[in-house]
Amino acid sequence: MVMSLSRHDGLLDQRFSLMPGFYRPMSAREIAAEWQRFTSFYDKRTADEEGEEADYDFTKIGASEVLYGHPQLIPIARDVRGGCLVLDHRPEIDRGRVHEADAEQGLMRISHEMWASMPVLMEAIAASLETNQPLNDYTPAVDEEQRLYWDFMPLRSDRTLHRS
């Protein structure tokens with residue numbers, strides 16, 4: 001994360017995304033401000049009451065409203081709807097993993113291997129850009145002004161499931 005921020009401190013044009021899922025990397029200043037806002041939603045009392053059950057549910061089910069806003073989850077990118085990617089710094093199993101966070105759905109653990117860590121995510125993005133191959137249903141594309149965006153193309157089996 002530090003290397004990424006020192007190279008390019010976020011993305012100036014907020015109309016575009018640089019990461020799959022329509023996420024735009026935030027600057028260090030934006031990360032600090034978003035962390036302040038994000039952690040204001042954390043309910044420590046409920047989290048303490050649910051304790052290990054919340055962590056178990058998150059690991060097995062893949063979602064948790066209780067963990068939303070946890071102070072050891074660091075926002076790193078924002079999508080157009082207001083959701084965030086967060087870097088997990090909790091001392092448990094998911095330390096270093098990237099998760100999605102949304103005020104309505106809470107914290108979501110994405111199963112695709114590209115979210116295992118920031119280095120894995122950056123390598124997957126770079127490989128997709130170099131090969132023009134889809135990355136978890138997102139294909140890199142360039143608009144008429146030569147700006148990168150990610151075209152969402154669900155797998156063929158997903159499209160046939162949604163039609164029925």
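The model is predicted, so local features need pLDDT of at least 70 and side-chain atom pairs count only at pLDDT 80 or more, while totals for chains, interfaces and linings use all residues. Residues are numbered from 1 along each chain as its sequence is written, and side-chain values use heavy atoms, with hydrogens and water left out.

Six strands make an open sheet, ordered β1-β3-β4-β5-β6-β2, with antiparallel pairing. On the edges sit β1 and β2 (63-64), each pairing on one side only. Strands here are DSSP E runs of at least two residues, numbered from the N terminus, and two of them pair if DSSP finds at least two bridges between them.

Strand β3 itself, residues 73-79, is mostly covered, with five of its seven residues buried. By buried I mean under 20% relative accessible area; exposed is over 50%, and partly exposed is in between, using a 1.4 Å probe and protein chains only.

On to β4, residues 84-88: β3 pairs with it in the antiparallel sense over five bridges, and A77 stands opposite L85. Their hairpin has four residues between the strands, and G82 takes a positive phi near 105°.

Further along, β5 and β6 (residues 106-108) are antiparallel too, joined by three bridges, with A101 partnered by L107 in β6.

H99 is in β5, residues 98-102. So, is H99 buried or exposed? H99 counts as buried, because its relative accessibility is 0%. Its side chain makes a polar contact with the side chain of D88 at 3.0 Å. That term means a pair of N or O atoms within 3.5 Å; within protein, one must be able to donate a hydrogen and the other to accept it, and residues adjacent in sequence count only if both atoms are side-chain atoms. Leaving aside neighbours within four places in sequence, the contacts of H99 include F58, L73, C84, V86 and M108, where contact means heavy atoms within 4.5 Å.

F152 lies in strand β8, residues 148-152, and counts as partly exposed because its relative accessible area is 40%.

That's it from me.
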